[in-house]
Amino acid sequence: MTNVRIYAPFIMEFEWDPAKEAKNLEKHGISFVAAARVLASGITFRSRSDHRGEERWVAIGMHPETGKVIAIVYAMRDGRHRVISARRARTHEEAEYRKQVGGAAAEGGRG
């Protein structure tokens, strides 16, 4: 289990399975550290996506290094954001993100 604490204007705690992160990095090219940074930025569009009785969330935000819009699936466990996966946002997710976030999302793009 990897635990990370990010200090923004407030403290956010994150955790994830290192083996799952390695698989995610191989498949999608996105680290869970980058995903945590997107969540900590506060500039995200979020929607609920429950799975097998667990309350889960999908946050759409801008990757801190690439500027691409990504989707992060996470759950809240004991006050921590448990990162489950991170991938490139689907076309409709990116469109909704840009609509909701507006000017903050104007940079970057699907290239």
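Predicted model: local features only at pLDDT ≥ 70, side-chain atom pairs only at ≥ 80, totals over all residues.
Helix 3 is followed by glycine 102, whose phi is positive, near 65 degrees. Within helix 3, which spans residues 91–101, the buried residues are Glu93, Glu94, Tyr97 and Val101. These four lie on the same side of the helix, because they cover an arc of only 95 degrees around its axis. An α-helix has 3.6 residues a turn, so residues three or four places apart point the same way. The opposite face, turned away from the buried side, carries the exposed residues Thr91, His92 and Lys99. As for the packing of helix 3, its buried residues lie against strand 3 (44–48), strand 4 (56–62), strand 5 (69–77) and strand 6 (80–88).

Two of these strands also pair with each other. Strand 5 and strand 6 are antiparallel and are joined by eight bridges; in this pairing, alanine 75 stands opposite arginine 82 of strand 6. The two strands form a hairpin with two residues between them, and aspartate 78 in the turn has a positive phi of about 50 degrees. Strand 6 also runs parallel to strand 2, to which two bridges join it. Here phenylalanine 14 has histidine 81, in strand 6, as its bridge partner.

Leucine 39 touches Met12, Phe14, Arg46, Ala59, Ile72 and Tyr74, when residues up to four places away in sequence are not counted.

The structure holds one aromatic pair. It is edge-to-face, because the rings of tryptophan 16 and phenylalanine 32 have their planes at 80 degrees, with their centres 6.0 Å apart. Since tryptophan 16 lies in strand 2 and phenylalanine 32 in helix 2, the pair ties together parts that are 16 residues apart in sequence. Tryptophan 16 counts as buried, at 1% relative accessibility, and phenylalanine 32 is buried with a relative accessible area of 0%.

How values were computed:
Residues numbered from 1 in each chain as written. Heavy atoms only, no water. Buried < 20%, exposed > 50% of the residue type's maximum accessible area, 1.4 Å probe, protein only. Arc of directions from axis to C-beta. Contact = heavy atoms within 4.5 Å. Pairing = 2+ DSSP bridges. Phe/Tyr/Trp six-rings, centres within 6.5 Å; stacked < 30°, edge-to-face > 60°.
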